[in-house]
Amino acid sequence: MGLFDGMLGNASRVDPRAAAQEFGRLLAQGEEVHAAYQLVRDSFLFTDRRLILVDKQGVTGRKVEYHSIPYRSITHFSVETAGTFDLDAELKIWLSGNAEPITKQFGKGVDVYEVQALMGAYLAR
């Protein structure tokens, strides 16, 4: 991930095997990480069962919030591609019972069509 993307809050792709190893304690038996993205310290993982948001807090990042979102809780989502002047792509996820979406930004090098396909596949189940 480029430093500039990290400073802007844009996520970059991480090897799913590395993410599974790093966050293995969060995964249920047989659960697999299919895609992972990382912001400067925060991460989010697409598993075959849920979306996991990892929020490292504080100066040291020792305090961590793990937010697990079952795909069945997602009512809809949108993906916005990067443009000529707007260099980041964006994913918005709406959860049942929440009016405001969860928003994640991706650097220009991330294939947002892959993210779209992942979300579509998991929500169609």
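Residues are numbered from 1 along each chain as its sequence is written, and side-chain values use heavy atoms, with hydrogens and water left out. Because the model is predicted, local features need pLDDT of at least 70 and side-chain atom pairs count only at pLDDT 80 or more, whereas totals for chains, interfaces and linings use all residues.

The secondary structure of the chain consists of three helices and eight strands; helices (H or I, at least four residues) and strands (E, at least two) are DSSP runs, numbered from the N terminus. Read from the N terminus, the order of elements is α-β-α-β-β-β-β-β-β-β-α. The mean pLDDT of the chain is 83, and 85% of the residues score at least 70; pLDDT is the predictor's confidence in each residue, from 0 to 100. Confidence is highest in helix H2, at 95, and lowest in helix H1 (residues 3-8), where the mean is 40. Over residues 1-9 pLDDT stays under 50, and the model has 13 contacts beyond four places in sequence for this segment. A contact is defined by heavy atoms within 4.5 Å. Among contacts between residues at least 6 apart in sequence, 36% join residues at least 24 apart. Of the 125 residues in the chain, 36% are buried, where buried means under 20% relative accessible area, exposed over 50%, and partly exposed in between (1.4 Å probe, protein chains only).

Strand S4 (residues 50-57) pairs with strand S5 (residues 63-70) in the antiparallel sense, over eight bridges; two strands are taken to pair if DSSP finds at least two bridges between them. Gln57 has Lys63 in S5 as its bridge partner. Five residues lie between the strands of this hairpin, in which Gly58 takes a positive phi near 80°.

The largest nonpolar core contains 21 residues, and Tyr37, Phe46 and Phe106 have the most contacts inside it. Such a core is a set of buried Ala, Val, Leu, Ile, Met, Phe, Trp, Tyr and Cys residues joined through side-chain atoms within 4.5 Å. At least two residues of this core are supplied by each of strand S2 (33-38), strand S3 (43-47), S4, strand S7 (89-95) and helix H3 (112-123). H3 contributes the largest share, five residues. Another core, of eight residues, lies apart from this one and includes Ala19, Phe23, Val33 and Ala36. Leaving aside neighbours within four places in sequence, Phe46 is in contact with residues including Tyr37, Leu51, Tyr71, Leu91, Val115, Leu118, Met119 and Tyr122.

Tyr71 is located in the loop between S5 and strand S6 (74-80) and is buried, at 6% relative accessibility. Beyond four places in sequence, the residues touched by Tyr71 include Phe46, Thr47, Leu51, Tyr122 and Leu123. The C-alpha atoms of Tyr71 and Leu123 are 6.0 Å apart, although the two residues are separated by 52 residues in sequence. Thr47, in strand S3, is buried with a relative accessible area of 0%. A polar atom of the Thr47 side chain lies 3.0 Å from the backbone nitrogen of Arg49.

Four salt bridges are found in the whole structure, each defined by a side-chain nitrogen of Lys or Arg within 4 Å of a carboxyl oxygen of Asp or Glu. One of them joins Arg13 and Glu114, with the closest N and O atoms 2.8 Å apart. Arg13 lies in strand S1 (residues 10-14) and Glu114 in helix H3, so the pair ties together parts that are 101 residues apart in sequence. Arg13 is partly exposed, at 37% relative accessibility, and Glu114 is partly exposed as well, at 26%.

The side chains of Glu31 and Arg50 also form a salt bridge (2.8 Å, N to O). This pair links distant parts of the chain, 19 residues apart, with Glu31 in the loop between helix H2 (16-22) and S2 and Arg50 in strand S4. Both Glu31 and Arg50 are buried. In a further salt bridge, between Arg17 and Asp15, the closest N and O atoms are 3.7 Å apart. Arg17 is exposed, with a relative accessible area of 67%, whereas Asp15 is partly exposed, at 35%.

Notes:
Polar contact = N/O pair within 3.5 Å; in protein donor to acceptor, adjacent residues only side chain to side chain.
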